[in-house]
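Subject: A structure to look through

Hello,

I am passing on the structure below, together with some notes on what I found in it. Please read the notes with the structure open beside you.

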Amino acid sequence: MADTVLAVEAVAKAFAAHKVLTDVRFRVGAGEIVGLLGPNGSGKSTLLNVVSGFSRPDAGEILFRNESVAGMPAHRIARHGLVRTFQLPSMPHRMSVRQVLHAGSREGAGLFDAFTPRRGDHSQVDVLLEQFALTAVADQSASSLSGGQKKLLSIALALRTKPKLLCLDEPTAGVHPQLRSRMVELLRAFNGRGVAMLVVEHDMHFIRELCSRCIVLDRGEIIADCAPDELAKNERVVEAYLGKSVERQKVLA
């Protein structure tokens with residue numbers, strides 16, 4: 001594997017008596033785009049929360065760029081270059097889309113500075129607005145956007161911080177189908193600039209287009225680590241999604 005940007009070793013997480021993650025181990029190489037898949041309730045969101053600092057693991061180690069981040073607060077992990085989006089992003093009511101993107105790169109800035117663009121900010125923000133089809137709503141309140149537009153803005157905002165690893169939680173949910181192919185192109189372009197990605201997604205067509213490798217969770221354990229095209233041939237994966245090995249192509253094809 002290429003130089004490892006994220007290493008998850010023997011991670012476990014439980015809520016009361018309910019075990020959500022058990023001995024989870026995997027790595028993401030620098031420059032990789034890895035899909036994180038699994039049926040509902042398999043532990044994907046919990047794993048993303050643990051990796052990004054929004055939940056503390058009960059056991060195990062998480063190394064980001066060879067530094068332990070297990071249990072580190074989310075904002076500190078983000079400053080190190082591991083940034084995530086959410087399935088249902090919320091946006092501020094009193095900031096426009098453009099202002100949100102301007103403020104997104106002002107780490108450690110005061111309130112006034114966050115609203116005062118630096119040299120070069122305008123052009124960078126304009127490019128992101130155009131790339132993510134948000135130019136027409138640039139001066140609208142960010143909270144007034146549709147669910148799909150908020151998803152696009154959250155991804156643009158995450159990329160604005162120039163992360164080393166971007167964790168995406170269902171990036172296509174609520175996004176117009178015509179924009180999904182464009183999203184693949186954009187994410188590949190940013191990946192080409194050195195951004196590794198870990199992608200939680202149910203759209204298998206999107207996964208096959210974007211990812212070179214997939215990790216599959218079931219009941220909190222990893223049951224597969226393979227190329228997307230190999231998923232439909234994996235009996236454990238088929239059983240996890242369907243409970244039986246028939247009609248597999250409907251879900252995984």
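Arg-219 counts as exposed, with a relative accessibility of 70%, where exposed means over 50% relative accessible area, buried means under 20%, and partly exposed is anything in between, computed with a 1.4 Å probe on protein chains only. This residue sits in the loop between β9 (213–218) and β10 (221–226), and its phi is positive, at about 55°, although Arg-219 is not a glycine. Helices and strands here are DSSP runs numbered from the N terminus, a helix being H or I over at least four residues and a strand being E over at least two.

Before going further, please keep in mind that this is a predicted model, in which local features need pLDDT of at least 70 and side-chain atom pairs count only at pLDDT 80 or more, while totals for chains, interfaces and linings use all residues. Residues are numbered from 1 along each chain as its sequence is written, and side-chain values use heavy atoms, with hydrogens and water left out.

Ala-133 belongs to the loop between α5 (121–131) and α6 (147–160), and with a relative accessible area of 43% it is partly exposed.

In the loop between β3 and α1 lies Ser-42, which counts as buried at 2% relative accessibility. Leaving aside neighbours within four places in sequence, Ser-42 is in contact with Val-20, Leu-217, Asp-218, Arg-219 and Gly-220. A polar atom of the Ser-42 side chain also lies 2.9 Å from the backbone oxygen of Pro-39.

Helix α1 (residues 44–52) includes Lys-44, and it is largely enclosed by the rest of the structure, because seven of its nine residues are buried. Which side chain of opposite charge is nearest to the buried Lys-44? It is Glu-170, at 5.9 Å, and Lys-44 has no salt bridge, a term that requires a side-chain nitrogen of Lys or Arg within 4 Å of a carboxyl oxygen of Asp or Glu. The side chain of Lys-44 does reach the backbone oxygen of Gly-38 at 2.8 Å, and one of its polar atoms lies 3.3 Å from the backbone oxygen of Pro-39. Beyond its neighbours within four places in sequence, Lys-44 has contacts that include Val-200, His-202 and Leu-217. Just after α1, Gly-53 takes a positive phi of about 90°.

Best wishes

Technical notes: Lys and Arg count as positive and Asp and Glu as negative; His and the chain ends are not counted. A polar contact is a pair of N or O atoms within 3.5 Å; within protein, one must be able to donate a hydrogen and the other to accept it, and residues adjacent in sequence count only if both atoms are side-chain atoms. Contact means heavy atoms within 4.5 Å.
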